[in-house]
Amino acid sequence: MTVSYTLEVANARFAGFTKLLFRWKGSIYKLLYKEFLVFCFLYSFFSVIYRCVLSGGQQELFERAARHCNKFAKLIPMSFVLGFYITQAFQRWWGQYTSFPLPDNLMMVVSGNVHGADERGRLLRRTMMRYANLSSVLILRSISTRVHKRFPTMQHIVEAGFMTEEELKTLDHLYSDFNKYWMPLTWFANLASKAREEGRVKDDMALKLLMDELNNYRAKCSMLFHYDWISIPMVYTQVVTLAVYSFFAFCLIGRQFVKPERADEHKVHVDLYVPVFTLLEFFFYAGWLKVGELIINPFGEDDDDFETNQLIDRNIQVSMLAVDDMHQSLPPLEKDKYWTEKSFSLPFGPAKPVFMGSTYDMREIDDDLEDSTTSYQIPMLPVSVWPPTPKKQKKSQRLSCCTKKVKSKKKTHTKDMETVDIMPAKPCGCEQLQQQRYEESVERPQCVVTLGEAEKEQETDYTNKSVA
């Protein structure tokens, strides 16, 4: 059974994981204790031989071998090899869990789109879901040891109610060299088409929805089969296993507490009978390898393997309940408790204010602070585009004013039209104007205004009056 400890670590607390270290079921101690005892026995065996059996010359040879093994055993890339392997094994483990065929989506579509409250409609819906569950039982029986022990033969599946005798004969009659887990799903598709012909499925869109969910269900069954067929390459598993076992085989000799090689090492040399740090290193690395061995195939009978039999029981029960007992079964419609209230708050709600966004309650900056803050503006530099667009020279404009009469003491002059000519005194192009902007004296265009005789006399009179 899968070991669940989620409730015990629901809240983070001081030494929260410590209580998990004293559990036996599903623990690393249960997986590793045999290898750990063997390693301790072999280490003690070599230690006793070195200390009690070997002579002085033989002890010297053993010490040289121990130093040599301890020096070159560190060249084995244990962390890299094990880390990459466990990462791949965990991704594979999680992928197998997410590929487990659950009939929840399919049973909702069947219950909502295969209509009919009579016996025929009920038979169609129950048979469809029985075919879907039969397909998952067939594929799990092929990959899970627990399911295979529960259903060792096809007759046991018939006795469990997943298929009838006639369906078993039809399945055996259809010859195939490969796994036949997909055949009940083909029966499901044919039955859905027949329900469409009978009008139980109202339109083609509902039939398409049924087929889409059926294909998703079939894809998960197929993925489980391929996970069981295609494993992590065996050569990589062999490399990891050899790396771990060879490293600790050298540690049996290389980590012995031998006499120091130089005389000045006697001050820091400690002679121990129990290699504490070596045992911890064995516990971590060998335990890491055991984790990979555990999760590489979660369809076995380990403590943390998937509960496939329990999932089979759950799937058949909820699928039949959804398409039969709950089909078109609705509780009476009633007005809810807050029917007349525009805004309401549920009881037992959170005491703290609801999060509305990180900048929802951000205070605005005071106006005084904004005024005192110096705003630095970067001046915009003129951008010249090359080649420059040639500008058209402005032609002289002729402005015509309406007819007006100018009264004088002597006589009245009538001016039919007054003409004002505005023209540049010196025509210049775009390039010349661009150069003249940077010069100190710029010759600006002048305008010539032509006045009539009446205006000249009027101007003369105005001048005389001002002088007088």
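**Lysine 290**

I started at lysine 290, which sits in helix H12 (residues 276-295). This is a predicted model, so I read each position as a prediction. Is lysine 290 buried or exposed? I found lysine 290 buried, at a relative accessible area of 13%. The cut-off for buried is under 20%, so 13% qualifies. Then I listed its contacts, leaving aside neighbours within four places in sequence. Lysine 290 touches Ile28, Leu31, Leu32 and Glu35.

**The chain as a whole**

I counted elements next. The protein chain has 16 helices and four strands. Of its 468 residues, 31% count as buried. I also checked how far contacts reach along the sequence. Among contacts between residues at least 6 apart, 70% join residues at least 24 apart.

**Confidence**

I looked up pLDDT. The chain averages 81, and 75% of the residues score at least 70. Residues 394-428 fall below 50, yet this stretch has 52 contacts in the model beyond near neighbours in sequence. Residues 440-451 also stay under 50. For residues 440-451 the model has 16 contacts beyond four places in sequence.

**The largest nonpolar core**

Which residues touch the most other members of the largest nonpolar core? I noted Val110, Met128, Leu140 and Ile157, out of 47 residues in that core. Helices H4 (104-113), H5 (119-143), H7 (154-160), H8 (165-173), H9 (183-197), H10 (204-229) and H13 each give two or more residues to this core. H5 gives the most, with eleven residues. As a general point, nonpolar side chains tend to be buried together in soluble globular proteins.

Leaving aside neighbours within four places in sequence, leucine 140 is in contact with Phe100, Val147, Leu224, Phe299, Thr308 and Ile312. Another core, of 25 residues, lies apart from the largest one. Its members include Phe39, Tyr43, Val244 and Cys251.

**Helix H4**

I went back to H4 for its buried residues. They are Leu106, Met107, Val109, Val110, Ser111 and Asn113.

**H2 against H11**

Two packed helices are described by the angle between their axes and the distance between the axes. I looked up both for helix H2 (residues 56-72) and helix H11 (residues 234-254). The axes come within 8 Å and cross at roughly 145°. The crossing of H2 with H11 is left-handed. From H2, the residues involved are Phe62, Ala65, Ala66, Cys69 and Asn70. They meet Phe250, Ile253 and Gly254 in H11. I sorted this contact by class: six nonpolar residues, two polar and no charged ones.

Most residues other than glycine have a negative phi. Alanine 15 lies in the segment before helix H1 (28-53). Alanine 15 is partly exposed, with a relative accessible area of 41%.

Glutamine 328 also went into the notebook, with a positive phi near 55°. I placed glutamine 328 in the loop between helix H13 (308-325) and helix H14 (367-372). How accessible is glutamine 328? Its relative accessibility is 57%, so glutamine 328 counts as exposed.

Key
Residues are numbered from 1 along each chain as its sequence is written. This is a predicted model: local features need pLDDT of at least 70, side-chain atom pairs count only at pLDDT 80 or more; totals for chains, interfaces and linings use all residues. Side-chain values use heavy atoms; hydrogens and water are left out. Buried means under 20% relative accessible area, exposed over 50%, partly exposed in between (1.4 Å probe, protein chains only). pLDDT is the predictor's confidence in each residue, from 0 to 100. Contact means heavy atoms within 4.5 Å. Axes are lines fitted to C-alpha atoms, for helices over the stretch in contact, and angles run from 0 to 180 degrees between N-to-C directions. A crossing is left-handed if the near helix is turned anticlockwise from the far one by less than a right angle, and right-handed if clockwise. Ala, Val, Leu, Ile, Met, Phe, Trp, Tyr, Cys and Pro count as nonpolar, Asp, Glu, Lys and Arg as charged, and the others, Gly among them, as polar. A nonpolar core is a set of buried Ala, Val, Leu, Ile, Met, Phe, Trp, Tyr and Cys residues joined through side-chain atoms within 4.5 Å.
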